[in-house]
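Here is a short note on some side-chain contacts. Please read it with the structure open.

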Amino acid sequence: MMAARTGALLFSVLYAITCVHTTVASRVDALRAASRISGRIVVSPSVAKADFYKLGSDLQAAVDGGAEWLHFSVQDGRMVPKISFGAPVISSLRPHFPDTVFDVKLGVIEPEHRVGDFIKAGADIISVHPEATLQLPAVLNKIDEGGLASGVVLNPGTPLASVEHVLDLVDVVVVMLVNPGYGGSEVAPANAKL
């Protein structure tokens, strides 16, 4: 079994915590501490599934319905075929959801050029794809230095070996059950077994 810094292996339905804190440091500290609680499932609805015309009210409905985390899948049109949104969306939502964990998955080429924007915007977790950068340890360190929880993303075709060298640097391992950018596709059976 993988040994990440907190001992947590998080899937698309994430095992973790309740975070009811108002600062990034306290949300991330609580996230790291509570990741040791096994068997608790946290629902992290994807912001990509919201109606962007009424984004705030859709996300409020999700939080009111029990969502403790909101998942922001950022896509640049290169790493992932679709284009989604950037740091300004997260920044505009952060004041309205001070107690909600913002889980950001950067599906972007060279995330090292974008991490700072998402740290400033109010992310709590930033996960990156190992295929997207030549500097994976440096990107993870930059996230950690920003006071956030860091993570890596395994696409269905990404071998576990591609992230083994950084597992001691991460708080989260996101195991994708579908290829990014293709919501609604069939689940990749190989990753479901991890």
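Is lysine 54 buried, exposed or partly exposed? Lysine 54 counts as partly exposed, at 42% relative accessibility. Keep in mind that this is a predicted model.

1. **Salt bridge of lysine 54.** The partner of lysine 54 is aspartate 58. The closest N and O atoms of this salt bridge are 3.9 Å apart. The cut-off is 4 Å, so the pair counts. Aspartate 58 is partly exposed, with a relative accessible area of 23%.

2. **Salt bridge of arginine 94.** The count comes to two salt bridges. One of them joins aspartate 124 to arginine 94, with the closest N and O atoms 3.0 Å apart. Aspartate 124 sits in the loop between helix H4 (115-121) and strand S6 (125-128). Arginine 94 sits in the loop between helix H3 (87-93) and strand S5 (101-107).

3. **Arginine 94 and a ring.** Arginine 94 has a further contact to look at. What does arginine 94 lie over? Arginine 94 lies over the face of phenylalanine 102, at 3.8 Å from the ring centre.

4. **A tilted pair.** Now for the rings. The count comes to three aromatic pairs. Among them is the pair of phenylalanine 52 and phenylalanine 85. Their centres are 5.9 Å apart, with 40 degrees between the planes, and the pair is tilted. Phenylalanine 52 is in the loop between strand S3 (41-42) and helix H2 (55-64). Phenylalanine 85 is in the loop between strand S4 (69-75) and H3. The pair links distant parts of the chain, 33 residues apart. Phenylalanine 52 counts as partly exposed, at 43% relative accessibility. Phenylalanine 85, at 10%, counts as buried.

5. **An edge-to-face pair.** Phenylalanine 85 also pairs with phenylalanine 72. How far apart are the ring centres of phenylalanine 72 and phenylalanine 85? They are 6.1 Å apart. The planes stand at 85 degrees, so this pair is edge-to-face. Phenylalanine 72 lies in strand S4, and phenylalanine 85 in the loop between S4 and H3. The pair therefore ties together parts that are 13 residues apart in sequence. Both phenylalanine 72 and phenylalanine 85 are buried.

6. **The cluster.** Which residues form one aromatic cluster? Phe52, Phe72, Phe85 and Phe102 do. Phe102 is the ring that arginine 94 lies over, and arginine 94 also forms a salt bridge with aspartate 124.

Definitions and conventions. Residues numbered from 1 in each chain as written. Predicted model: local features only at pLDDT ≥ 70, side-chain atom pairs only at ≥ 80, totals over all residues. Heavy atoms only, no water. Salt bridge = Lys/Arg side-chain N within 4 Å of Asp/Glu carboxyl O. Buried < 20%, exposed > 50% of the residue type's maximum accessible area, 1.4 Å probe, protein only. Helix = DSSP H or I, 4+ residues; strand = E, 2+ residues; numbered from the N terminus. Phe/Tyr/Trp six-rings, centres within 6.5 Å; stacked < 30°, edge-to-face > 60°. Lys NZ or Arg CZ within 6 Å of the ring centre and 35° of its normal.
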